[in-house]
Amino acid sequence: MTRLSGGELRAAGYVERKRLLVAELSNGTFEYSGVTAETWRRFAGAPSPWRLFRDNIDVDYPAKRAR
(Lines give C-alpha, C1' and ligand atoms only; values in the text may rest on other atoms or scores of the structure.)
Protein backbone atom coordinates (compact mmCIF):
# COMPACT_ATOMS: atom_id res chain seq x y z
CA MET A 1 0.00 0.00 0.00
CA THR A 2 1.17 3.48 -0.85
CA ARG A 3 0.17 6.31 1.48
CA LEU A 4 -1.76 9.03 -0.34
CA SER A 5 -3.50 12.16 0.79
CA GLY A 6 -6.30 14.27 -0.54
CA GLY A 7 -10.03 14.05 -0.20
CA GLU A 8 -11.10 10.83 1.48
CA LEU A 9 -8.12 8.85 0.13
CA ARG A 10 -5.64 7.48 2.69
CA ALA A 11 -3.69 4.76 0.82
CA ALA A 12 -3.87 2.52 -2.23
CA GLY A 13 -2.25 -0.59 -3.63
CA TYR A 14 -2.46 -2.68 -6.78
CA VAL A 15 -2.24 -6.42 -7.49
CA GLU A 16 -1.42 -6.58 -11.19
CA ARG A 17 -2.02 -10.30 -11.77
CA LYS A 18 -5.53 -9.93 -10.30
CA ARG A 19 -6.13 -6.44 -11.78
CA LEU A 20 -7.25 -5.38 -8.31
CA LEU A 21 -6.90 -1.91 -6.86
CA VAL A 22 -7.26 -1.66 -3.08
CA ALA A 23 -8.18 1.80 -1.81
CA GLU A 24 -8.20 2.79 1.84
CA LEU A 25 -10.65 5.64 2.26
CA SER A 26 -11.77 7.51 5.36
CA ASN A 27 -14.95 5.37 5.41
CA GLY A 28 -13.33 1.95 4.89
CA THR A 29 -11.22 -0.15 2.54
CA PHE A 30 -12.55 -1.13 -0.88
CA GLU A 31 -11.39 -3.44 -3.66
CA TYR A 32 -11.92 -2.36 -7.27
CA SER A 33 -11.77 -5.19 -9.80
CA GLY A 34 -10.76 -5.08 -13.45
CA VAL A 35 -8.44 -2.08 -13.05
CA THR A 36 -5.80 -2.02 -15.78
CA ALA A 37 -2.12 -1.54 -15.05
CA GLU A 38 -2.22 1.67 -17.12
CA THR A 39 -5.04 3.06 -14.96
CA TRP A 40 -3.03 2.21 -11.83
CA ARG A 41 0.07 3.96 -13.23
CA ARG A 42 -1.94 7.08 -14.08
CA PHE A 43 -3.58 7.04 -10.63
CA ALA A 44 -0.37 6.43 -8.66
CA GLY A 45 1.48 9.17 -10.55
CA ALA A 46 -1.33 11.72 -10.67
CA PRO A 47 -0.76 15.17 -9.18
CA SER A 48 -4.24 14.84 -7.64
CA PRO A 49 -4.88 11.12 -7.05
CA TRP A 50 -8.15 11.83 -5.23
CA ARG A 51 -9.62 13.59 -8.28
CA LEU A 52 -8.62 10.80 -10.66
CA PHE A 53 -9.95 8.19 -8.22
CA ARG A 54 -13.26 9.99 -7.69
CA ASP A 55 -13.85 10.87 -11.34
CA ASN A 56 -12.63 7.66 -13.00
CA ILE A 57 -11.89 4.65 -10.83
CA ASP A 58 -14.80 4.94 -8.39
CA VAL A 59 -17.36 5.32 -11.18
CA ASP A 60 -15.82 3.01 -13.81
CA TYR A 61 -14.94 -0.12 -11.82
CA PRO A 62 -17.03 -2.42 -9.60
CA ALA A 63 -16.11 -2.24 -5.92
CA LYS A 64 -16.70 -4.25 -2.80
CA ARG A 65 -15.92 -3.42 0.81
CA ALA A 66 -12.82 -5.27 1.96
CA ARG A 67 -13.01 -4.43 5.67
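**Charge pairs.** I took a salt bridge to be a side-chain nitrogen of Lys or Arg within 4 Å of a carboxyl oxygen of Asp or Glu. With that rule, I searched the whole structure and found 4 salt bridges. The model is a predicted one, so I kept its limits in view: local features need pLDDT of at least 70, side-chain atom pairs count only at pLDDT 80 or more, and totals for chains, interfaces and linings use all residues. Residues are numbered from 1 along each chain as its sequence is written, and side-chain values use heavy atoms, with hydrogens and water left out.

I looked at Glu31 and Lys64. Their closest N and O atoms are 3.8 Å apart, in a salt bridge. This pair links distant parts of the chain, with Glu31 in strand 4 and Lys64 in strand 5, 33 residues apart. Strands here are DSSP runs of E with at least two residues, helices are runs of H or I with at least four, and both are numbered from the N terminus.

I then checked accessibility. I call a residue buried under 20% relative accessible area, exposed over 50%, and partly exposed in between (1.4 Å probe, protein chains only). Glu31 is partly exposed at 24% relative accessibility. Lys64 is exposed at 52%.

Next came Glu38 and Arg41. They form a salt bridge with closest N and O atoms 3.5 Å apart. Both lie in helix 1, 3 residues apart, about one turn of the helix. Glu38 has 42% relative accessibility and counts as partly exposed.

Arg54 and Asp55 also meet in a salt bridge, at 3.0 Å from N to O. Arg54 is partly exposed at 36% relative accessibility. Asp55 is partly exposed too, at 40%.

I counted two strands as paired if DSSP finds at least two bridges between them.

I went along the sheet pair by pair. Strand 1 and strand 2 run antiparallel, joined by 2 bridges. Arg3 has Ala11 of strand 2 as its bridge partner. These two strands form a hairpin with 5 residues between them, and Gly6 in the turn has a positive phi of about 120 degrees.

Strand 2 and strand 3 are antiparallel, with 6 bridges. Ala12 stands opposite Ala23 in strand 3. Here the hairpin has 4 residues between the strands, and Arg19 in the turn has a positive phi of about 50 degrees. Strand 2 is mostly covered, with 5 of its 7 residues buried.

Strand 4 (residues 28-33) pairs with strand 5 in the antiparallel sense over 3 bridges. Tyr32 stands opposite Ala63 in strand 5.

**Helices.** I used axes fitted as lines to C-alpha atoms, for helices over the stretch in contact, with angles from 0 to 180 degrees between N-to-C directions. Contact means heavy atoms within 4.5 Å.

The axes of helix 1 and helix 2 come within 8 Å and cross at roughly 145 degrees. Thr39, Arg42 and Phe43 of helix 1 make the contact with Pro49, Leu52, Phe53, Asn56 and Ile57 of helix 2.

**Rings.** I found 5 aromatic pairs. Rings of Phe, Tyr and Trp (its six-membered ring) pair if their centres lie within 6.5 Å; planes under 30 degrees apart count as stacked, over 60 as edge-to-face, the rest as tilted. Tyr32 and Phe53 have ring centres 5.4 Å apart and planes at 90 degrees, so the pair is edge-to-face. The pair links strand 4 to helix 2, 21 residues apart. Both Tyr32 and Phe53 are buried.

The rings of Trp40 and Phe43 have centres 5.7 Å apart and planes at 55 degrees, so this pair is tilted. Both residues are buried.
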